[in-house]
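Reader: I would like to learn how to read strands, sheets and ring pairs in a model. Please take me through them one at a time.

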Amino acid sequence: MHFSKFANQLSEGAGIISLMEDLGSALGSDQKMVMLGGGNPSHIPEMDSYFREQMLAIASDASQFAAMVGDYDGPQGNAGFIQILAEFFRDLYGWTVGPENIAITNGSQAGFGLVFNTLAGETPDGDYNQILLPLTPEYIGYGDAGFDDRPLFTARKPIIERLDDGYFKYHVDFKQIDIEDHVGAVCVSRPTNPTGNVISDEELGHLAELTRDTGVPLIIDSAYGVPFPNIIFSDATPIWDDHIVLCFSLSKLGLPGVRTGIIIANEEIIQRISNANAIYALAPGSVGPALVRQSIQTGKLIDLCRDIINPYYRRRRDEAIVQIKEQMNDLPVQIHQPEGAIFLWLWFQGLPISVQTLYERLKARKVLVIAGHHFFPGLDEDWQHTHECIRMTYSSDTESVHEGIKIIAEEVRRAFEEA
Ligand SMILES: Cc1ncc(COP(=O)(O)O)c(C=O)c1O
C-alpha cells in the first residue's frame, strides 16, 4: 500500500487525536475515568429538555420532520436558516450581513480546517502563507489542520500579567506582532480554549486594525462567545466587518452531537466554504439548524444563554476554584483569570517533572487532563512555561471535578516532594 503525504500526516501523533481517543475510550470503558480532559459541555437539564421538546415538536410534524431528515440542504447550508441568522445578527449588532455572508459547516472544527486551508498554505505563485496566532496558548484543535509538510501556524508568546490572589492573565504582546507578507490570516479564540482568557475589546480592536490595514483576514473563534452560547464572564463586545471571519458553534449550547458550525465572512470566503462543503460533504447536516431555528428567530436562545447557560458555568467555575484553593493551598499553583469557556488553566511554576509525566501519572490514577504543551501550535522555541501548565475542564459532574482536583493536588505535591 502506498499512502499519500496526507495519510502520513493522519498517522502522526496529533494532540487532538489523542485527546479525542482518550475521550472516546474513557466514555466507552467500564472503568470510571475522571474526565477533566475533553471539551464536552455539561448536560444542563434545562437545555437538554428544551432541545428535546424542540425535537419532539419537529418529529410530530410530518412535513418538518421529512424536510429535516429527508432533504439535502444546499452546500452553503439551509437557506431559510441562513436568512434567519442574517436578520438575527443585523438586528442584534447592526452588522451589514446578508445570506451571502453566512455558511454552515459540519461542526466549527470542520469549518476551521476549510478556513485555514483557504487562507493559508501554498499560494498559486509558489509562496507559502501561514496563520498567525498572536497569543498562545491557543486551541489544540487548530494544530494539525494543514495539508503540507511545512507548518501552517506561526505563533507568539504572550505577556504574562501577575494578578492578586494567585491569578495571572495573558495579553497579546503587540511588540512581537508583525503582519508580514507571509501571514495569510490571524486567528484568536475568544474566549480562549484552553485558558478561559477573553482578550479585551482594546486588544481585539488593535488586531482588527492591524489586519484591516494589511489586507489580511482576522479569524475570531467564538465557540464559547456571545451571543451564543455566552459562556463568558467579562465584558466583551463582538465585532465583525468585511475582513473578519467570525466562527460560531452550536456545540457548547449542549449540542455537540449535531455537529453544526456557523461562519460569517465576506462573500468570497463564504463562496469557497460553500464549494468545499459541496466537494467534501455535499451539504452540511440539517438537524442542528432545525433544532435552534425557532429559538434564534424568537430571541429565546439569547434568553436561555443568559439565564441558564451563563450562570450555570459561572457557578461551576466558582465551585472548582474553591476546591483548588482548598486542596492546593500548599502548592505553587496559579490560575489563569477564568473569564470564559469551560476550562481552568493551572500553572505549577517550577514543576520538577514535565506536564507530560504529570499527565501520565494522573491517567494511571484515572484522571484525564490535558498537558499544557499541546496548546502552543506554531511556537518554535521550547519555552519552559509550556511544560508547567495543564488544562482541566469543570463541565464534568461535580463529584468528578472534586475528585479530579484532589488527585491532581496529590500528584503535584508528590512531584515537588520527590524533587
Ligand atoms: C475554541 C474551540 N473552537 C472550536 C471548537 C470546535 O467545536 P465544534 O467542532 O464542536 O463546533 C472547539 C471545541 O471544543 C473549541 O474549544
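**Strands, sheets and rings**

Author: In strand 4, the residue that bridges to glutamate 122 is tyrosine 128. Keep in mind that this is a predicted model.

Reader: In which sense do strand 3 and strand 4 pair, and over how many bridges?

Author: The general idea comes first. Strands of a sheet pair through backbone hydrogen bonds, either parallel or antiparallel. Here strand 3 (residues 121-122) and strand 4 pair in the antiparallel sense, over 2 bridges. The two strands form a hairpin with 5 residues between them. Look at glycine 126 in the turn: its phi is positive, about 90 degrees.

Reader: Are the two faces of strand 4 covered or open?

Author: Start from the rule. In a regular strand the side chains alternate between the two faces of the sheet. Now the case: Tyr128, Gln130 and Leu132 lie on one side of strand 4, and Asn129, Ile131 and Leu133 on the other. All of these residues are buried, and both faces are covered. For strand 4 (residues 128-133), 6 of the 6 residues are buried, so the strand is largely enclosed by the rest of the structure.

Reader: How do strand 6 and strand 7 pair?

Author: Strand 6 (residues 159-162) and strand 7 (residues 167-171) are antiparallel, with 4 bridges. Isoleucine 159 has histidine 171 in strand 7 as its bridge partner. This is a hairpin too, with 4 residues between the strands. Aspartate 165 in the turn has a positive phi of about 60 degrees.

Reader: And how do strand 7 and strand 12 pair?

Author: Strand 7 and strand 12 (residues 333-336) are parallel, over 2 bridges.

Reader: On to the rings. How many aromatic pairs does the structure hold?

Author: A pair of aromatic rings is described by the distance of the centres and the angle of the planes. The structure holds 22 aromatic pairs. In one of them, tyrosine 50 and phenylalanine 51 have ring centres 5.5 Å apart and planes at 70 degrees, so the pair is edge-to-face. Tyrosine 50 and phenylalanine 51 are both buried.

Reader: Why is the pair of phenylalanine 228 and phenylalanine 248 described as tilted?

Author: Check both numbers. The centres are 5.3 Å apart and the planes stand at 40 degrees, so the pair is tilted. Phenylalanine 228 lies in the loop between strand 9 (218-221) and strand 10 (244-249), while phenylalanine 248 is in strand 10. The pair therefore ties together parts that are 20 residues apart in sequence. Phenylalanine 228 is buried, at 1% relative accessible area. Phenylalanine 248 is buried as well, with a value of 1%.

Reader: Which residues do ring pairs link into a cluster with Phe228 and Phe248?

Author: Phe88, Phe89, Tyr93 and Trp95 are linked with Phe228 and Phe248. Serine 108 touches Phe248, along with Ser249, Thr260 and Gly261, not counting residues up to four places away in sequence. Serine 108 is in helix 6 (residues 108-119). It is buried, with a relative accessible area of 14%.

Reader: Which residue lies over the face of phenylalanine 233?

Author: Arginine 317 does, at 4.6 Å from the ring centre.

Reader: Last, the whole protein. What radius of gyration does it have?

Author: The protein has 21 Å; a compact globule of 419 residues would have a value near 22 Å, which agrees. Buried residues make up 55% of the 419 residues. The secondary structure comes to 12 helices and 16 strands.

Key
Residues numbered from 1 in each chain as written. Predicted model: local features only at pLDDT ≥ 70, side-chain atom pairs only at ≥ 80, totals over all residues. Heavy atoms only, no water. Phe/Tyr/Trp six-rings, centres within 6.5 Å; stacked < 30°, edge-to-face > 60°. Buried < 20%, exposed > 50% of the residue type's maximum accessible area, 1.4 Å probe, protein only. Lys NZ or Arg CZ within 6 Å of the ring centre and 35° of its normal. Rg over C-alpha atoms; globule rule 2.2 N^0.38 Å. Pairing = 2+ DSSP bridges. Contact = heavy atoms within 4.5 Å.
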